[in-house]
Amino acid sequence: MRVLLIGANGYIGRFVADRLLADPAVQLTVLGRGDDADVRFDLASGSPGALTRFLDAVHPGVVVNCAGATRGGARDLVRHNTVAVATVCEALRRSGCGARLVQVGCGSEYGPSQPGSSTAEDAVPRPGGPYGVSKLAATELVLGSGLDAVVLRVFSPAGPGTPAGSPLGRLAEAMRRAMQSGDGELKLGGLGVQRDFIDVRDVARAVHAASLSAAQGVINIGSGRAVRLRDAAAVLARVAGYGGALHELDAPPGPLRSPIGHPRVDSEHAAPVAYPYPDGCGSWQQADVRTARDRLGWRPRINLEESLADIWMEAACRI
């Protein structure tokens, strides 16, 4: 089976590439903007016609799209997350390859949910920010394309390679700085949110399973368990061997723009540290993952402690 992977250099895409390369039945071709791609192509600016000609030449059986942007202004998010997917869908419709499309979506498409609830695929999406809106628009394009397609709504990925700018990445960096400076007190903010963390390697397994399946529509990929960021911080401190005190700071009124943590400072003018979880999903999110189990035969295997240990290992290398 020939698989065309788009976005192999991204956080999730790197692990998807590794997973697909480990399957001897898969012939992998990588399309992207980097020099290391088999074919250089920018989905945000390239034409559907040019992509169609490439699809007809390579004739993949599956196209996996992991490309996209998680940060930036609304215009950039729409260009990289929505327009790019429109290009993929239109090229696949024009092509004679008949490839199946596996689109990597995100839990941010759902927006805020009721604390204590599990979000299933039939929930009405109400994204709380431009990122979720741009990804939801991409999902709707895929579902309305008439293609053989599945969208995997990935909740909060964690594990090796976690971006330094993500909440867990910021948390690990704050702890690294505290340990490096010998600070016995770490002030943290924005830890009240609860998220469904799923290891990025389990996400890659889900993408692989979806590539081989006939499942269509939307499928949630998560652990099925919400974890408070405060508890994740405690686990991270344990695996890091940080013996200092973790002090959670109350959020000040108004917009929250500060980083998630910093070492103790003595200035009386120092502002409390508070960092809003950047996905627009409010205080709670937990996936209902029964569809992934039933239609893909997939279950998460890697627990959060292992994911956090890998995040810390990478952060510790910067000491």
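Student: Which residues of α4 are buried in this predicted model?

Tutor: Start with the general idea. An α-helix has 3.6 residues a turn, so residues three or four places apart point the same way. Now the case. In α4, the buried residues are Tyr131, Gly132, Ser134, Lys135, Leu136, Ala138, Thr139 and Val142.

Student: What do the buried residues of α4 pack against?

Tutor: They pack against α3 (74–94), β5, β6 and β11.

Student: How far apart are the end C-alpha atoms of α4?

Tutor: They are 20 Å apart. The 14 residues should span 20 Å at 1.5 Å a residue, so the two values agree.

Student: Which unit does α4 belong to?

Tutor: A right-handed β-α-β unit, made by β5, helix α4 (residues 130–143) and β6. The strands β5 and β6 run parallel and are joined by six bridges. Leu101 stands opposite Ala149 in β6.

Student: How many residues of strand β6 are buried?

Tutor: General idea first. In a regular strand the side chains alternate between the two faces of the sheet. In β6, Ala149, Val151 and Arg153 point one way. Val150, Leu152 and Val154 point the other way. Six of the six residues of β6 (residues 149–154) are buried, so the strand is largely enclosed by the rest of the structure.

Student: Which strand order does the open sheet have?

Tutor: The order is β3-β2-β1-β4-β5-β6-β11, seven strands with parallel pairing. The edge strands are β3 (39–40) and β11, and each pairs on one side only.

Student: How many bridges join β6 to β11?

Tutor: Five, and the two strands run parallel. Strand β11 covers residues 217–221. There, Val218 is the bridge partner of Val151. Elsewhere in the sheet, five bridges also join β1 (residues 2–6) to β2 (residues 27–32), again parallel. In β2, Leu28 is the bridge partner of Val3.

Student: Where is Arg100, and is it buried or exposed?

Tutor: Arg100 is found in strand β5 (residues 100–106). Its relative accessibility is 4%, so Arg100 counts as buried, the cut-off being under 20%.

Student: Which backbone oxygens lie by a polar atom of the Arg100 side chain?

Tutor: Look at Ala210 and Ala215. The backbone oxygen of Ala210 lies 3.1 Å from a polar atom of that side chain. For the backbone oxygen of Ala215, the distance is 2.4 Å. Beyond four places in sequence, Arg100 touches several residues, including Gly61, Asp148, Ser211 and Gln216.

Student: How many residues are in the largest nonpolar core?

Tutor: The general idea: in soluble globular proteins, nonpolar side chains tend to be buried together. Here the largest nonpolar core has 35 residues. Val16, Val64, Leu152, Ile221 and Leu296 have the most contacts inside it. Helix α6 (residues 200–212) gives the largest share, seven residues. A second, separate core of 29 residues includes Leu51, Ala84, Ala138 and Val289.

Student: What does Ile221 touch?

Tutor: Leave out residues up to four places away in sequence. Among its contacts are Leu152, Phe155, Ile198, Val203, Leu296 and Trp298.

Student: Which residue caps the N-terminal end of α9?

Tutor: Asn303 does. One of its side-chain oxygens lies 3.3 Å from the backbone nitrogen of Glu305. Helix α9 (residues 304–316) has 13 residues and reaches 18 Å between its first and last C-alpha, close to the 18 Å expected at 1.5 Å a residue.

Student: Which residues of α9 are buried, and what do they pack against?

Tutor: Leu304, Ser307, Leu308, Asp310, Ile311, Trp312 and Ala315 are buried. They pack against β7 (156–158), α5 (167–181), β10 (197–199), α6, β12 (227–228) and α7 (229–240).

Student: What is the phi of His59, and where does His59 sit?

Tutor: Phi is near 55°, a positive value in a residue other than glycine. His59 is in the loop between α2 (48–58) and β4 (62–65). With a relative accessible area of 44%, His59 is partly exposed.

Student: Which side chain makes a polar contact with that of Thr291?

Tutor: The side chain of Glu121, at 3.0 Å. Thr291 lies in helix α8 (residues 290–296). Leaving aside neighbours within four places in sequence, Thr291 is in contact with Glu121, Val218, Ile219 and Leu296.

Terms used
Residues are numbered from 1 along each chain as its sequence is written. This is a predicted model: local features need pLDDT of at least 70, side-chain atom pairs count only at pLDDT 80 or more; totals for chains, interfaces and linings use all residues. Side-chain values use heavy atoms; hydrogens and water are left out. Helices (H or I, at least four residues) and strands (E, at least two) are DSSP runs, numbered from the N terminus. Buried means under 20% relative accessible area, exposed over 50%, partly exposed in between (1.4 Å probe, protein chains only). A polar contact is a pair of N or O atoms within 3.5 Å; within protein, one must be able to donate a hydrogen and the other to accept it, and residues adjacent in sequence count only if both atoms are side-chain atoms. Contact means heavy atoms within 4.5 Å. A nonpolar core is a set of buried Ala, Val, Leu, Ile, Met, Phe, Trp, Tyr and Cys residues joined through side-chain atoms within 4.5 Å. The expected span of a helix is 1.5 Å times one less than its number of residues. Two strands pair if DSSP finds at least two bridges between them. A crossover is right-handed if, with the strands pointing away from the viewer, the path from the first strand over the helix to the second runs clockwise.
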